Amino acid sequence: MASLPGAIAGARVVGEHFVHAQRKQNPDGRMPLMDHLRELRNRVVKMALALAAGMTAGFIFFDQAWHVIERPLCSATIRGHSGCRTLGVNQLVLNGPLDAFYLRVKVALIVGVILSSPVWLYQTWAFIAPGLHAREKRWSYIFLGTAIPLFGIGITLCYLSLGRSMHYLLGLTPGGVQNLIQVDQYMSFVMAMMLAFGMAFEIPLLIVMLNLAGILTHERFRKWRRALIFGVFLIAGMANPSPDPLTMLILGGACVLLVEAAEFIVWSHDRRRARLRPDPYAGLADDELSPLQFHGRGKD
């Protein structure tokens, strides 16, 4: 009877031969449409399972998570009051019998999205990566090591700006009018802000991914550069309702710096690609013949 190490070595050799044979038959790694749909389904299922696991942790540690979420409102001084203890000024209220349950679900959803971010970011990248070449796939670990911190930085900056937003927005209430701050609306505001900032900080990573996939070139990016920077500051101003220009400059400036870093990577990659695979049509006029030679199969 064959030993276990020998059987493992034999299975490894057979697997390598199978992989090489598949690569020879399909060197570009193309997949039929149904295979793409099946892969997409599997990736979505994995993301859903990771989100469910994160939401379970959110349900278990609800009290700790809720204290973190309500802190921006409770720490802000609104018309001379703070601490979420003054009804009509800064206290959160529930209106219906099911609102307490919905509150726990929304808190668990926020915790689940944050905790499962490494999984759904990886699954998104893994679905796109098969379209890249072998050398470009080596960037996968760098992308994964960058996407998660960028998402965390966006959420952190959003969390730090929430207190200023609450101070400004609720401070606009005229005299004689009370604020009955519904928990559902406050949670929706917090979730929208966090997702907006977290995904906004992923834009530079998306730019680099599109460049590696051959969709976005530096020449095309340069044409839209001013509009993109203007859009970044516009989104930062809309997502941060505080009129303080310093906060908007900090948030927008951080995104612009990341976009500039992405542009440098795109420029470097395009130069390297042009050096390794020069374009035979580059520099030709419209009426100039191509330097490529055509060899016919035979004479007429």
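Student: What should I know about the numbering and the kind of model before I begin?
Tutor: Residues are numbered from 1 along each chain as its sequence is written, and side-chain values use heavy atoms, with hydrogens and water left out. This is a predicted model, in which local features need pLDDT of at least 70, side-chain atom pairs count only at pLDDT 80 or more, and totals for chains, interfaces and linings use all residues.

Student: How many helices and strands does the secondary structure of the protein come to?
Tutor: Helices (H or I, at least four residues) and strands (E, at least two) are DSSP runs, numbered from the N terminus. The elements run α-α-α-β-α-α-α-α-β-α-α-α-α-α from that end, and the total is twelve helices and two strands.

Student: What percentage of the 300 residues in the protein is buried?
Tutor: Buried means under 20% relative accessible area, exposed over 50%, and partly exposed in between, with a 1.4 Å probe and protein chains only. Among the buried residues are Phe62 and Trp66 of α3, Leu103 and Val107 of α4, and Tyr186 and Met187 of α8. For the protein, the buried share is 33%.

Student: Why does the span of helix α3 agree with its 14 residues?
Tutor: The expected span of a helix is 1.5 Å times one less than its number of residues. Helix α3 covers residues 62–75, so its 14 residues should span 20 Å, and the distance between its end C-alpha atoms agrees at 20 Å.

Student: At which residue of α3 does a kink lie?
Tutor: The bend at a residue is the angle between axes fitted to the seven residues ending there and the seven starting there. In α3 the kink is about 35 degrees and comes shortly before the proline Pro72, at Ile69.

Student: Are α3 and α4 roughly parallel or roughly perpendicular to each other?
Tutor: Axes are lines fitted to C-alpha atoms, for helices over the stretch in contact, and angles run from 0 to 180 degrees between N-to-C directions. Angles under 35 degrees count as roughly parallel, over 145 as roughly antiparallel, 65 to 115 as roughly perpendicular and the rest as oblique. The axes of α3 and α4 come within 10 Å and cross at roughly 80 degrees, and the two helices are therefore roughly perpendicular.

Student: Which residues of α8 does α3 meet?
Tutor: These helices pack at an angle of about 90 degrees with their axes 11 Å apart, which makes α3 roughly perpendicular to α8. Contact means heavy atoms within 4.5 Å. From α3, Trp66, Ile69, Glu70, Pro72 and Leu73 take part, and they meet Val183, Tyr186, Met187 and Val190.

Student: How many nonpolar, polar and charged residues are in the contact of α4 with α8?
Tutor: The axes of α4 and α8 come within 10 Å and cross at roughly 10 degrees, which makes α4 roughly parallel to α8. Ala, Val, Leu, Ile, Met, Phe, Trp, Tyr, Cys and Pro count as nonpolar, Asp, Glu, Lys and Arg as charged, and the others, Gly among them, as polar. The contact of α4 with α8 then has ten nonpolar, one polar and two charged residues.

Student: Which residues does Thr86 touch, not counting residues up to four places away in sequence?
Tutor: Thr86 is found in the loop between α3 and β1 (92–93). Asn179 is 93 residues from Thr86 in sequence, with the two C-alpha atoms 9.8 Å apart in space. With those up to four places away left out, the residues that Thr86 touches are His81 and Gln91.
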